[in-house]
Amino acid sequence: MVSPIKSLATLGVAILVTTGLARAGEITVYTAYEEDEIKAYVQGFNKANPDVKVNVLRLSTGDLAARIVAEAENPKHDVIWGFAVTNMVDPRILNSLEAYKPKDADKLDAKFRDAQDRWVATTGYMAAFCVNTEVLKAKNLPMPTSWQDLLKPVYKGEVVMPNPASSGTGYLQIVALLQGLGEEKGWKYLKDLDANINQYIKSGSKPCRSARAGEFAIGLSYEFVAIKSIAEGFPIKMVIPSEGAGYELEANGLVKTAKNKADAKKFLDWSVSTQAVELYSAYKGIVTIPGGKVSEEAQKAGLPANVAPILFKMDFEASARNRDAILTRWKKDIER
Amino acid sequence: MTAPASAMTPASPGAGRGPGPAPGPGRGTGALDGDRLFLMLVGLTVLAGLAIFIAWPMIVVFLKSVAVGSGYGFDNYTKVFSAPKFWTIVGHSLTVSATVTVITVVLAFIYAYALTRSAMPMKWLFRGIALLPVFAPSLVQALGLVFLFGRNGIINRTFGLDIKIYGFWGVVTADVLYCFPQAVLLLVTALSVADARPYEAATVLGAGPVRKFFDVTLPGVKFGLLAAAFLVFTIAITDFGNPMVIGGDYTVLANEIYNQVSGQMNFQLGSVVAIVLLLPALFAFQIERIANRRQFALVGDRSVPLVPRRAPLFDGAMLAAATLIAIPILAVVGIVIYASFVKTWPYNMTFTLNNYTQNTAQNGLQSLWNSVVVSLMAAGIGVVLAAAAAWVVAKDKGPVGRVVNALGLLPAAIPGMVLGLAYVFAFNAAGGVMALLYDTLLMLAICNVFHYFSQGLLTASTSLRQISKSFDEASSCLGGSAFDTLRHVTVPLVLPTLISVGVFFFMRSMVTLSAIIFLISPGTGLAAATVMLLDDAGSTTHAAAFSTLIMAVVLAALAILKLVERLFARPGRPGA
C-alpha cells in the first residue's frame with residue numbers, strides 16, 4: 001500500500017516539477033500585447049503548429065521590463081514578444097537576446113529590424129486623442145484636430161495626458177514632440193500645453209479611460225484604447241493630430257538562454273508570416289508588414305488605411321538613450 | 001494589580017516544585033528546561049522563516065541601493081536626494097500619511113468601540129462591511145471613488161457640485177478606505193477582551209463615563225492604538241496604487257519607486273527610495289516600550305468578562321456613527337457591482353449580463369481557482385506563523401524575541417512592488433529547495449504571507465498581551481509545560497483573533513497584486529492579475545464583473561467558515 005503522505009509528497013513534487021520547467025513542445029513567451037489579441041494570435045500560431053504549447057505571461061510594458069531585467073540571472077522565458085522597442089534596445093534587455101532572423105523577415109523594411117537581427121518589429125501603436133463628444137457638447141467646445149489646437153485657452157483644464165516619468169506612452173508622446181518639432185520648439189510646446197493640462201495621469205491608457213468616463217474632454221493616449229472605447233459604445237472620437245503622431249513599435253526576439261530554441265524559432269517565424277499579418281490588422285494601428293486589412297472597428301474609429309504619412313519620424317535608439325536627461329528636464333521644468 | 005503574580009515567582013521556596021533533586025537557585029527544574037527548549041525551538045524556526053523571506057530579500061535591496069558601478073557607495077542616495085522636487089515629494093508622503101493615520105485611527109476606533117462595547121444591533125453586518133475594502137480588488141475602489149466623486153461622478157452630477165477628488169484628498173480618501181479595515185481588525189481585538197472589574201471599581205469610586213473612558217478604556221488599549229497608528233502610517237506611506245489612480249498631479253514617494261523601476265528600469269534609484277521608506281518602521285520598534293508604560297493585562301485569572309449592557313441612548317449613537325462610516329464603504333463597492341451589470345457606464349445604463357457571460361480572458365476561471373488555493377495556503381501558513389511569532393515576542397525578552405518582532409513588523413514598510421522584485425532578485429537564481437519552490441502557487445502564498453505579516457503579527461500580539469501572565473504561572477504551578485499552557489489556555493483565549501487573522505490573510509491574498517505580479521508565471525495566473533488584464537485590454541465593465549466574482553467567492557468562503565465554526569464551537573465558549 002502507498003501511504004497517503006508519500007503519495008501527497010509525490011504529487012507535490014510532480015506539481016513543482018511540471019509548473020517549474022519548460023519542456024520540449026512548450027515555449028514560454030513574455031509579452032505586453034493585450035489579452036484578447038494574445039488569444040487570437042496564439043490560436044493562429046497553433047493552427048499552423050499544433051504541437052507547440054505556448055505559455056504566455058502578459059504584463060504592462062514597464063512591469064515586464066522590470067521583470068525581465070530582474071530575472072536576468074535565470075531567465076524563465078524563451079521569447080520576448082510584442083514588446084516596446086524603446087525598452088527592447090536597453091542594453092540589459094538587448095544583450096539577453098540572440099541574433100535570429102525569422103524566415104521571410106527580409107520583407108520587412110530595414111528600419112523595423114535590428115541591424116544585428118536581435119529583434120524584429122511587427123506591430124506598433126501611435127499617439128491619439130480620445131475626445132469625449134458629450135463633454136464637448138455640454139461645455140460647448142470645438143473638436144480639436146491638431147497638437148496646435150490643444151493650446152487654445154478654451155480647453156483649459158479639460159486636457160489630460162500620461163505622466164512621462166511613470167508611463168511609457170507618456171514618454172513616447174513627449175519624445176515624439178521633441179523629435180518631431182525639434183528640441184527647442186518641442187520644449188516650448190510642452191510648456192505651453194502645460195497651461196491647459198488638468199493633470200498628468202500616471203498611466204498610459206488612463207487618460208483615454210478618464211475621457212470616456214466623462215471626467216475630462218480630451219485624453220492624450222494611444223489609438224488602441226480609443227478604438228476599443230468607441231467599439232464599447234462610449235461617446236469618444238479618435239483624433240490623430242494633423243501634424244503627425246508619435247508611435248512605438250512592438251518587437252519580438254529570441255532569448256539567448258531559451259530552453260526550447262527550435263520551437264521558439266517556429267514561433268518567431270510565424271510572427272512575420274502572412275497569416276499573422278492578417279490577424280494583427282484586426283487589432284493594430286501599425287503593422288510593419290504590408291498585406292493586412294484595417295479592422296472594421298478601426299475603420300469605424302477613423303483610422304486611415306495607410307498610417308505611414310501621419311507618423312512622426314522617430315529615433316528609438318535616441319529616445320532610449322536620452323530618457324534620463326529628458327525626464328530630468330521634464331520634472332524640473334514642467335512636472336507639478 | 002500584580003500581587004497574585006509576585007507571590008508565585010520561582011524565588012519563593014517551596015512553591016510549585018516537582019519532586020527530584022533540590023534545584024539550584026531560582027530555575028533549573030525539568031519543566032522549565034523543556035519550556036525553554038520549546039520556546040527556543042519555535043523562536044528559531046520563526047526567525048529562520050523571517051530571515052529567509054524578509055531579511056535576505058531586503059538585504060538584496062539594500063545592496064542594490066549602494067551599488068555604484070562595480071563597487072559600493074552612497075552616490076545613488078545623493079543622486080535621489082538632489083533630484084528635482086524630491087523633498088517636496090517627501091513632504092507629500094508625510095502629509096498624506098499623517099492625515100490618513102489620524103482620520104483612520106479615529107474612525108476605526110469609533111467603529112471598533114461600537115462593535116465591542118455597545119449593544120447595538122446587527123453587529124455581524126457591520127463587521128462584514130468593515131472588511132469589504134480588504135477583499136475588494138483595488139480596481140473596485142479606484143473605480144468606485146471616481147464613479148462617486150469624480151468630475152462626472154454621481155455626487156457632482158446630482159448635486160451640481162464641483163468636488164475635486166483628484167489630488168491630496170483623493171489619495172487620503174482612498175487610503176483611509178484601504179487602511180480602515182486593517183485598523184478595525186486590530187482595535188476590535190484590543191477592545192473585545194476586557195475585564196469588567198476595573199469598570200465596576202471606577203463606578204464605585206464615582207467615576208463618570210468620560211473619566212472611565214480616559215482612565216480605564218484608553219490605557220487598556222494603548223498598545224492596540226499605537227500599533228494601529230504605526231500600521232496605518234506605514235501602509236499609507238508605502239502605497240502607490242491609490243496615488244496612481246486618483247492622485248492626479250499629487251506625487252508621493254512610493255510613486256517615485258514605481259517611476260524609477262517600471263518607468264525607467266532603474267533599480268538602484270528605486271532601491272534607495274525603498275530603503276528610505278523603511279525609516280518610519282524604526283518608530284514601530286519603540287511601540288513596545290512606549291506601550292509598556294502603565295500597560296496592564298486586561299484578562300487575568302480573576303477577571304470577569306465585560307459584557308456591554310443595553311443603553312438605548314448610547315447604543316443608538318453608536319449605531320448612527322457606525323452607519324455613517326459604513327455608508328461610503330458600501331457605496332464605493334456597491335456602485336462598481338452595479339456598473340458590472342450595465343452596458344456602458346454612465347452612458348448606456350441598460351441592464352446586461354454580458355460582462356459576466358462573455359469573459360474575454362483566457363484561463364479566467366483557472367486563475368480564480370488558483371487564487372483560492374493560494375489564499376487558503378496563505379491563511380494556513382500565515383495564522384500559524386503570525387501566532388508563533390507573536391508568542392515568541394511575548395515570551396522571549398532576549399535577542400530572539402526582539403529580532404522576530406523587528407523583522408515581523410518590517411513588511412508593512414515595504415511596498416509590494418519592492419517585495420516582489422526583491423524576491424525575484426533573491427530567489428530566482430537560487431538553487432536547491434528555492435528552485436523547486438519558485439514558480440509554484442506555494443511561493444505566491446509565501447510571498448503574500450510575508451507581504452501582510454505585520455498585520456497578522458500585530459493583531460496576534462494585541463490579543464496575547466491582554467492575557468495575564470498569571471495564567472502561565474498558574475499553569476506551571478500545576479505542573480503544566482509552556483506547551484500545555486499554550487494549548488489549553490492561550491490558544492482557546494486567542495482563537496477568535498486567530499480566525500480573523502486567517503481570514504485577513506485569505507482576503508488579501510485573493511486580491512493583492514503589487515508583489516506577486518513579479519512572481520506569477522504562465523501556469524500560475526491569479527484572479528487579481530485577470531482583473532488587471534481585462535482592465536488593461538480596455539474593458540472596464542468586464543474587469544468590474546470579474547472583481548464582483550472574486551468578492552462573491554470570498555463571501556462564500558466566509559460563509560463556509562462561519563458554518564464550520566458553528567459546527568465545531570463548543571458550547572459555553574465566549575466569542576463563538
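A residue is buried if 20 or more other C-beta atoms lie within 10 Å of its own, exposed if 12 or fewer, and partly exposed in between, with C-beta atoms placed from the backbone. By that rule, 52% of the 336 residues in chain A are buried. The model is predicted: local features need pLDDT of at least 70, side-chain atom pairs count only at pLDDT 80 or more, and totals for chains, interfaces and linings use all residues. Residues are numbered from 1 along each chain as its sequence is written, and chains are lettered from A.

**View 1. Overall fold of chain A.** The chain holds 15 helices and 11 strands; these are DSSP runs (helices H or I, at least four residues; strands E, at least two), numbered from the N terminus. Its C-alpha trace spans about 80 × 50 × 40 Å along the principal axes. Of the contacts with a separation of 6 or more, 76% join residues 24 or more positions apart. A contact means C-beta atoms, placed from the backbone, within 7 Å.

**View 2. Helix α3 of chain A.** This helix covers residues 61–70 and is mostly covered, with 8 of its 10 residues buried. Among them are A:D63, A:L64, A:R67 and A:I68.

**View 3. Surroundings of A:I218.** A:I218 lies in strand β8, residues 218–222. It counts as buried because 29 C-beta neighbours fall inside 10 Å. Leaving out residues up to four places away in sequence, A:I218 touches A:F129, A:V131, A:P144, A:Y155, A:E158, A:V159 and A:A211. The C-alpha atoms of A:I218 and A:M238 are separated by 9.9 Å, with the two residues 20 apart along the chain.

Definitions and conventions. Contact = placed C-beta atoms within 7 Å.
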